[in-house]
Amino acid sequence: MKFNKKYISGKFAFILVMAVIAILGIIFFMAKTMIFEKDKWEVLKKSEEGKDSIEIQPNRGNILSADGQLLASSLPDYKVYLDFMSALSRQATRDNNFSHQDSTFYNEKDSLFLGKSAYHKAVLDTICNGLAAICPNMTAEQYRQHLANGWNQHKRYYEVCPHQVLDYLQYKQMLTLPFFRDYQKRKNFVGLSVEERNNRKKPFGSLAKRLLGDMYGAKDSARSGIELAYDSLLKGLPGYSHRRKVRNQMLNIIDKEPVNGYDIVTTIDVTMQDICENALREELKQHDADMGVVVLMDVKTGDVKAMVNLSRYDDGNFYEARNFALAALMEPGSTFKTASILVGLDDGEINLNDQVDGCGGIYMMHGSAMKDHNWARGGYRMQSVAQTLMHSSNIGVSRLIDDHYHNKPEKFVEGLRRVGIGMDLKLPFVGSAVPVIRMPKPDRSNWSKTALAWMSIGYETQIPPISTVTFYNAIANNGKLMQPRFVTTIQKDGEVVRECPPVVLSEQIAKPQTIKDIRDILKRVVNDKEGVGKPAKSKYFLVSGKTGTAQVGGKGGYKGGGHLVSFCGYFPSDEPQYTCIVAIRICSGPASGGLHAGTVFKKIAETIYAKAVTSDLSRAADSLSVFVPHVKSGNISAANKVLAHLNIPTKGGNCENNEIGSSHSNGKAVEFSIHDSDFFKLPDLTGMGLRDAVYEIERRGMKARVEGVGKVNWQSVLPGTNVQKGMVVELTLE
């Protein structure tokens, strides 16, 4: 047989031509897709991105007190759902014969809910009895009926414990029950779904609640306070995963790990916050008051150590409802007189030797009657500049200011802004109020003849409490105006990643001599016999400050609106450490800034001062005694350093690796004993302070839930228990 060369050559040529055409076609369509249709495919790609992705929520950062105690933390909670149609066969679905293939709920002879076998009865009893013990709002029989209803109705997303949210311990206990335990063992388990949420908890309850702020439920979205102001740092960055079938198993493949939020270390001192809240609450309960505010500030740094905002509710109790300290614009009353006199002295318009006539308690100021608080008893006559503040004389202060600034009110208003009481403090919180102090227009269309006189004594102005206390803090700080500071550091995993240093708003709000003069006057307001601030006087140290009593405007004017009483000052007078404002709104009856607010100030100042001086242990012992304090369990190397600084003898505390242990006193020294430290087992936390206990829990990857104040006297997870990452350990402190 002969080959036809022409025929073969023709076929090869045809194949070659077709191959070239195919290759050219592929190249053409590739070029068309990559060049001419690039934009269309890019849009399609972006629209499809993330459709099969599952967002992984990060852990929200903690908010900590100045000494590291947890003020707000995210703890997981759970909702568990059953899918009663998860493992149906195609044939069963077509035949409407819903019967599970999971061996716990179904086998070829029987079903858990429809059959009567002894095996399935025992399994169902175990499940329902276990659920009743874990979530006792329903009985075992009610759970049996509840699950049977879900089975009979072929529910796909059926809540196991209706209207309940499980904490971590309840959730882990549920996973020990039959059927539920398979959820941990089988990655492709489809009969059960778990919704994990971050639930924001405040271990100290309502303490500083309005300053810390709130969240919008399970949305992990901040709504107010520090939570909102630092939300971008606290919330972290989400991660992403997607589901893929690998060897007949559906696996979660993580594309991007979530980045947990930063921890915020605040300036709040839990002890001082508690002192301020208790003192204010006691006073509010004794009077017909509907609101009270306390702000305590560190003089040198401007750190807000405590902030209390209490409002009366319909049940008669007081709760933290609104941040009045930052957001409430109030007519400050007589606490504003200090700023008026300071401006006059600093401008050189008035001096300490000036005298002003009180006119017996009533004076016609440009046609309007101005009265002093004691007008019915004859008022005051000739007063010095210092006495106008000591007496809190409306007539004295207003006449001094009006006499010198009536024709140039702009200069007075500019002075108020210069000394800080009218300054925008630029606080990071949404809703923070800015002082409202009216500036006269060039044509005086917004000004009246009496405007300056009433402004000088705290009316026709609106000042939030935070601005008043910041102004007085500048006086205590020798004229340096500090911005109120609420956060000191930003941390990640215990390491400082950002410092938030104190901010100076003004190096000198007034001349040094003017500051010295006004400080001398404020000291006399409280400590001289004729000073109206005597209720704030302490027998242990000198207090400086000024009272305030202002009528509160209502719908019909000032009558019937009640009074806002206040006291703002600092202590000790000569070397001030803290500045504090107390403001109380009294609905009816007698009202006095000294008697009501000054009394609260005194309680706060004396309690804080008493706690401060106890650090000098030599005061608590005579020359023959040896003072050996009780030392909490915890980091014994840290405790040993503190005791060495206080010259208290110790034994066994000279370790270098931050071991934990306990101590006891033998009357002459503190003896330490080191606990066994297996990192993979939970140690005995009883006797520890909160900081050490939480540190030992969190460094092992677990979370702490705290109740009470003091030292640990109970822990929910027994000592020696193997560590499980994410486990919650409940602590009770006393």
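The helices (H or I, at least four residues) and strands (E, at least two) named in these legends are DSSP runs, numbered from the N terminus. Please keep in mind that this is a predicted model.

Look for cysteine 359 in the loop between β12 (355-357) and β13 (362-365). The phi angle of cysteine 359 is positive, near 55°, in a residue other than glycine. Is cysteine 359 buried, partly exposed or exposed? With a relative accessible area of 23%, cysteine 359 counts as partly exposed, because buried means under 20% and exposed over 50%.

**Alanine 208, another residue with a positive phi.** Alanine 208 is not a glycine, yet has a positive phi of about 55°. You can find alanine 208 in the loop between β5 (192-201) and α8 (209-212). The relative accessible area of alanine 208 is 3%, so this residue is buried.

**Helix α18 and its covered residues.** Helix α18 runs over residues 465-476, which makes 12 residues. From its first C-alpha to its last it reaches 17 Å, close to the 16 Å expected at 1.5 Å a residue. How many of the residues of α18 are buried? The count is 12 of its 12 residues, and the helix is mostly covered. Among the buried residues are Phe471, Tyr472 and Asn473. Here is a handy rule for looking at helices: an α-helix has 3.6 residues a turn, so residues three or four places apart point the same way. After α18 comes asparagine 478, with a positive phi near 60°.

**Helix α13 and its meeting with α18.** Helix α13 (residues 337-347) and α18 have axes that come within 11 Å and cross at roughly 50°. The two helices are therefore oblique to each other, and α13 passes α18 in a left-handed crossing. The buried residues include Ile341, Leu342 and Val343, along with Lys337 and Asp346.

**Aromatic pairs, with tyrosine 405 and phenylalanine 412 in focus.** A pair of aromatic rings is described by the distance of the centres and the angle of the planes. In this model the count comes to 11 aromatic pairs. One of them joins tyrosine 405 and phenylalanine 412, whose rings are 5.3 Å apart centre to centre with 55° between the planes, a tilted arrangement. Tyrosine 405 has 0% relative accessibility and so counts as buried. Phenylalanine 412 also has 0% relative accessibility, so it counts as buried too.

**Phenylalanine 571 and phenylalanine 601, an edge-to-face pair.** How are these two rings placed? Their centres are 6.0 Å apart and their planes stand at 90°, so the pair is edge-to-face. Because phenylalanine 571 lies in strand β23 (residues 563-571) and phenylalanine 601 in helix α20 (residues 593-613), the pair ties together parts that are 30 residues apart in sequence. Both phenylalanine 571 and phenylalanine 601 are buried. Phenylalanine 571 has one more feature to look for: its peptide bond to proline 572 is cis, with omega near -20°. Proline 572 has its place in the loop between β23 and β24 (578-586).

**Charges placed over rings.** Two spots show a charged side chain and an aromatic ring together. Lysine 371 lies over the face of tryptophan 375, at 4.1 Å from the ring centre. In the other spot, the charged end of arginine 399 sits over the ring of tyrosine 363, 4.5 Å from its centre.

Proline 683 is found in the loop between β28 (670-674) and α22 (690-698). Its relative accessible area is 8%, so proline 683 is buried. Which distance separates proline 683 from valine 717 in space? They are 34 residues apart in sequence, and their C-alpha atoms are 9.7 Å apart. Leucine 234 lies in helix α10 (residues 231-234) and is buried, with a relative accessible area of 0%. The C-alpha atoms of leucine 234 and asparagine 260 are separated by 8.1 Å, while the two residues are 26 residues apart along the chain.

Notes
Residues numbered from 1 in each chain as written. Predicted model: local features only at pLDDT ≥ 70, side-chain atom pairs only at ≥ 80, totals over all residues. Heavy atoms only, no water. Expected span 1.5 Å × (residues − 1). Buried < 20%, exposed > 50% of the residue type's maximum accessible area, 1.4 Å probe, protein only. Phe/Tyr/Trp six-rings, centres within 6.5 Å; stacked < 30°, edge-to-face > 60°. Lys NZ or Arg CZ within 6 Å of the ring centre and 35° of its normal. Axes fitted to C-alpha atoms, helices over the stretch in contact; angles between N-to-C directions. Parallel < 35°, antiparallel > 145°, perpendicular 65-115°, else oblique. Left-handed = near helix turned anticlockwise from the far one by under 90°.
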